[in-house]
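Please read them with the structure open beside you.

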Amino acid sequence: MDGLMRDPAARFLPYGRQAIDEADIAAVAAVLRSPYLTTGPAVGAFESALAETLDVPYAVSCANGTAALHLACLALGLGPGDAAIVPSITFVATANAARMTGAEIVFADVDPDSGLMGRGDFVAALARAEAAGLRVRAVFPVHLAGQCCAMREIAEIARECGIAIVEDACHALGGGYDPGGTVPVGSCHESDLTVFSFHPVKNVATGEGGAVATRDPALAGRLARLRSHGLVREPDLFQRAEMGFDPNGVANPWYYEMPEIGWNYRLSDIQAALGTSQLGKLGQFVAERSRLAALYDAALVPLAGAVVPIARNATCRSAWHLYAVLIDFAGLGLSRAALMRRLREGGVGTQVHYIPVHRQPYYRERYGSAELPGADRYYARTLSLPLFVGMTGREVEHVAATLAEAIGELAE
Ligand SMILES: *Cc1c(COP(=O)(O)O)cnc(C)c1O
């Protein structure tokens, strides 16, 4: 009990939060003093910096990660009559983005210990889609907690079947596909498009923000058009010459065309400047997250009977978006809700990533209740502990100690 009495000077530890320094603030202030708050030079500068970080030719910024997923679906031409395979353990936005185009969702199961969709889960979802007479056009591997899916294995099957691949890398900015991390997540060697979010809990923060990476110039052009009302301003793309050009063949200065409908999904220059400043620290951020994760691994060893880290994928370098553990709540006779409340009293914020999306009322109503035992088993045991840049080693120890006490108190 005593240990849970908090040091009055101790701060509450959320499961995740942004790390903003004076350089970030100065970068934002500089934009506020400049002529452009949106559609200015800071957006292009951020996209160039991001493309360089990801080692990919094109990075198209946008309003948030959900908009990035939606743009990816639109650029691929997903729509009614199509189906998309989405793992059930993800944020609802992954499935929603495909659904917003009118496509149907086929939920894939995941590994019960890592939460990642594997090759077998993908193949099983494909078989279910086929049995239901659905035409699968896209698959969305989700790099949960910062670890990446087995992209080569998934891509092999997807390519064979002519299925587009969109990686949801909202958790994985700064991670790598190989243990050495030399091939960055987002380099798109095994996918058509890779999507990122810059929500404050993610590895780089812009407030709200997102991006889509690709190696395909046609997809990049379409993404950029769709994010800004579907408008085209390049004279060589005009379809209505009599409106676009004067009698001498010179493009009219006011003219633009809308060959297809689009959205306003733009990132502002204010957000982009923050993004560029944050991106410069990404290596340092991931190193710090990785160091804290190693401290957690060590601090949790004495609790191994009750709490274990999620299974590690040794073939990738994690970006450490989340530090997620598995607790056998049922086996221990422990209520997750009671544990979360007790931890909160001890200054420790936790969260559950995620409720299986196929269990959400909207999707249950549309598709009935699929049997995805891996997703259910992962969901039943997962809990994300505080992990953010600026957290200290002592705070990691405080979390582990508070967890040990709370479990000792609450378990039957
Ligand atoms: C955060 C997140 C999104 C959505 O990003 P927003 O920027 O919040 O719209 C999508 N997928 C996953 C896996 C995420 O974590």
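1. The largest pocket of this predicted model has a lining of 23 residues, and those that lie nearest its centre are F91, S197, H199, K202 and Y354. Two elements, α3 (65-75) and α4 (92-100), each give two or more residues to that lining, and α3 supplies the largest share, with three residues.

2. The space in the largest pocket comes to about 360 Å³.

3. The domain assignment itself gives domain 1 as 22-279 and domain 2 as 282-410. Taken over C-alpha atoms, the centres of domain 1 and domain 2 are separated by 27 Å, and contact between the domains involves 45 residues of domain 1 and 37 residues of domain 2.

4. Is strand β9 (residues 323-327) enclosed or open? Five of its five residues are buried, and therefore β9 is largely enclosed by the rest of the structure. The burial applies to both faces of the strand, with Y323, V325 and I327 buried on one side and A324 and L326 buried on the other.

5. Strand β9 also has pairing partners that deserve a place in the description. Strand β8 (residues 307-309) runs antiparallel to β9 and is joined to it by three bridges, and within this pairing P309 has V325 of β9 as its bridge partner. Strand β10 (residues 382-385) is likewise antiparallel to β9, here with four bridges, and L326 has T382 of β10 as its bridge partner.

6. A last point concerns I157, which is found in helix α6 (residues 151-160). With a relative accessible area of 9%, I157 falls under the 20% cut-off and so counts as buried. Leaving aside residues up to four places away in sequence, I157 touches R119, F122, V123 and L126. By contrast, A251 is 94 residues away from I157 along the chain, and the C-alpha atoms of the two are 47 Å apart.

Notes:
Residues numbered from 1 in each chain as written. Predicted model: local features only at pLDDT ≥ 70, side-chain atom pairs only at ≥ 80, totals over all residues. Heavy atoms only, no water. Buried < 20%, exposed > 50% of the residue type's maximum accessible area, 1.4 Å probe, protein only. Pairing = 2+ DSSP bridges. 1 Å grid on protein atoms, 1.4 Å probe; cavity = no way out; pocket = protein on both sides within 12 Å on 5 of 7 lines; lining within 4 Å. Points joined across faces, edges and corners; volume = space filled by probe spheres on them. Domains from an automatic or database assignment. Contact = heavy atoms within 4.5 Å.
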